[in-house]
Amino acid sequence: PDFSTRHEHCSDDIDIQQYRSINTPGNTMKVDELLGRKKKAQAAGAREGPNKKGGQRLNTRGSDEETTSQMSSLSDSTDEEGSSSGEENSEDLERFERALRQKHTKACKAMANGVYDVALQEFELILADLLEKYGEKHERVGAALHNVAIANLRAGSLDDAMDAIEEAIKIRSRTLGRSHPKVADSLVELGIILLSMEEHADSLKVFERALKLRRTEHGDMYTPEDIDDSNLKIAKVLNNMGCVNFEQNNLGAAKKNFDEATKLQKGVFRSVFNFSVGYDTSSPGILTMASTMCNMGYVAIEQGNFSEAITIFKTSLQIQQSVLGPGNKLVQSSLDNLGYSLTMMNQYEKALKSYEEIWETQKVSSDTTEEKILTMKKLIVCCVRLEQHERAFKFLETLEDTQANIDDESRDVYLTRKMMGEVNYQIMKLPSLSDQTNRAVGFALCMGETEEDVDLEEWVIRKPENTSKMS
C-alpha cells in the first residue's frame with residue numbers, strides 16, 4: 001500500500017528520547033558528521049578495537065541462521081520519480097543507479113558471509129553517494145542509514161549502530177510519516193540494539209511502539225500472502241519482546257510473548273505442514289519459528305516444566321536438523337537442552353540418545369576440548385544411571401586421556417580416576433568381566449574395597465546456559 005498520502009498528517013518526527021533513559025546528546029548527530037567521524041575512526045581505528053562500549057550483542061541471529069535484521073533493499077531507495085532537480089538525464093541517472101546496485105549487491109554478499117567490515121564500507125559508500133545527491137532529508141538516505149546500522153550491529157559496534165539507526169528513524173519518520181512500515185522496521189532494529197546494550201526497559205518500550213505500528217499495518221492487508229507476511233512481522237516483534245522479558249527473568253511475560261508469536265507463525269505455516277513428515281522445511285522463514293520455539297523451551301526449563309520443554313525441543317529439532325544438518329551448533333544446543341530436560345524427568349535412556357547425537361558430531365569437530373569434556377561427562381552420567389557400566393568405563397578412559405593431556409595432576413583427573421574405580425567395581429561384580437577390566441584399569445585407580453554404589457555427587461548434569469534468540 002502507498003502510505004505517503006495517508007500518513008501525510010503524521011510527518012512529524014518521532015521523539016527518540018521518549019524511549020531512552022541512557023545518556024545521549026540532545027541534538028542528534030548530522031549524517032555527514034556521522035560519516036566524517038567514521039572516516040577519522042577508520043584512519044586511526046585499527047588500534048582501538050571495534051566497539052567503544054565494549055558490549056557484546058545477544059544472540060540476534062536466531063537458530064535459523066537467516067538474516068535476522070530487516071535490511072532495506074535498494075528498491076527502498078529507488079528514485080521512481082527521476083532526478084529531484086529535473087536536470088539530470090536518464091543516462092546519468094541509470095549510471096548512478098547501476099553503481100548503487102553493484103555496491104548494494106557486494107554489501108549483501110559480505111553480510112551473508114559475515115564479512116561485516118566490507119559490508120559496512122559498501123553501505124557507507126552508498127550513504128555518501130545518496131547524501132551528495134539528495135541531502136540529508138530524503139527517504140533514500142534513511143534507508144541507507146538503516147543498513148549502516150545493521151552492519152554495525154552485526155560487527156558489534158553498538159554505539160555506531162545506535163547513532164545510525166536514530167538518524168534513520170528521524171529521517172524516515174519525517175519523509176514517510178511516523179506510522180509508516182519502514183519506520184517500524186527501523187524501530188525494531190533500535191530495540192535490538194538497545195537489548196544488545198542491556199538497556200532492557202528502553203528496548204521494551206521501543207518494541208511496544210513497533211508492535212503497535214505492525215498491528216496498524218496489518219489492518220491494511222487483504223490478500224492471504226500479505227496477511228501472512230504481516231503476521232510473521234508481528235510475530236518477530238513479539239519474539240523480541242519475549243527476549244527482553246526473558247533476559248529480565250520476567251518468565252510469565254516472556255512465555256506469553258513467545259506463545260503468541262508461535263501461534264501466529266504456525267498459522268502462517270499451516271499450509272506447509274504435512275502430518276506424516278512434519279513441516280516443509282523448504283518454506284522461507286520456517287527456521288524463525290523454530291527459533292521462537294527454542295525460546296519457549298528455555299522458559300519452560302527455567303519454570304521447571306520439563307515435560308513441556310521436551311515436547312517443544314523435539315518439534316524445533318525436527319525443523320532445525322532437516323535444514324541445518326546434524327553438525328550445526330544450534331542443533332547441538334537444542335539437543336543439549338532436550339537431553340537436560342529428559343534427565344530432569346529421569347528419562348536417561350532417551351537423554352543418552354540426545355547426548356550421543358551431540359558426541360558423534362563433536363568428537364570429530366573443531367569444538368573446544370572443554371565442550372567435548374562436558375559432553376563426555378553427560379554421557380558417563382547417563383550410562384551409570386542406566387547401569388551400563390562398560391560403556392561408562394569406555395567414555396571414562398577417553399575422558400581421562402583428554403584431561404591428562406591438559407594437567408595430569410588436576411582435581412578433574414583425580415575425580416575421573418575415582419569414578420573409573422567405582423565403575424570398575426560394579427563391572428567386577430560380574431566374574432566374566434573382572435579380569436579383562438582389571439587389565440584395562442591397572443593399579444592407578446582409586447577403587448574402594450567396600451564401595452557398593454557409584455558416587456555421582458560431583459557429576460551433576462548442569463542446566464545449559466541459554467540466551468534467548470532475537471529475530
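What follows is a quick chat about this structure.

Q: Is this one experimental or predicted?

A: It's a predicted model.

Q: OK. How many helices and strands are in the protein chain?

A: The protein chain has 17 helices and 2 strands.

Q: And what percentage of the residues count as buried?

A: 51% of the 471 residues in the protein chain. As for contacts between residues at least 6 apart in sequence, 69% of them join residues at least 24 apart.

Q: Which residues have the most contacts inside the largest nonpolar core?

A: Phe-123, Leu-127, Leu-145 and Val-423, in a core of 117 residues. Helix 10 gives the most to this core, contributing 11 residues.

Q: What is Leu-127 in contact with, leaving aside neighbours within four places in sequence?

A: Val-31, Leu-35, Val-141, Ala-144, Leu-145 and Val-148. Leu-145 is also one of the residues with the most contacts inside the largest nonpolar core.

Q: Which residues of helix 3 are buried?

A: The buried ones are Tyr-116, Ala-119, Leu-120, Glu-122, Phe-123, Glu-124, Ile-126, Leu-127, Leu-130, Leu-131 and Tyr-134. So two glutamates, Glu-122 and Glu-124, are in that list.

Q: Why does the span of helix 3 agree with what it should be?

A: Helix 3 covers residues 116-134, and at 1.5 Å a residue its 19 residues should span 27 Å. The C-alpha atoms at its ends are 26 Å apart, so the two values agree.

Q: What follows helix 3?

A: Gly-135, with a positive phi near 85°.

Q: What lines the second largest cavity?

A: Lys-255, Met-296, Val-299, Ala-300, Gln-303 and Glu-308. By class, that lining has 3 nonpolar, 1 polar and 2 charged residues.

Q: Which helix gives the largest share of that lining?

A: Helix 10, residues 286-302, with 3 residues.

Q: Last one: where is Thr-402?

A: Thr-402 sits in helix 15, which runs over residues 389-406. Not counting residues up to four places away in sequence, Thr-402 touches Thr-369, Ile-373 and Met-376.

Q: And how far is Thr-402 from Glu-370?

A: They're 9.6 Å apart in space, C-alpha to C-alpha, and 32 residues apart in sequence.

Methods:
Residues numbered from 1 in each chain as written. Predicted model: local features only at pLDDT ≥ 70, side-chain atom pairs only at ≥ 80, totals over all residues. Heavy atoms only, no water. Helix = DSSP H or I, 4+ residues; strand = E, 2+ residues; numbered from the N terminus. Expected span 1.5 Å × (residues − 1). Buried < 20%, exposed > 50% of the residue type's maximum accessible area, 1.4 Å probe, protein only. 1 Å grid on protein atoms, 1.4 Å probe; cavity = no way out; pocket = protein on both sides within 12 Å on 5 of 7 lines; lining within 4 Å. Nonpolar A, V, L, I, M, F, W, Y, C, P; charged D, E, K, R; others polar. Core = buried A, V, L, I, M, F, W, Y, C linked by side-chain atoms within 4.5 Å. Contact = heavy atoms within 4.5 Å.
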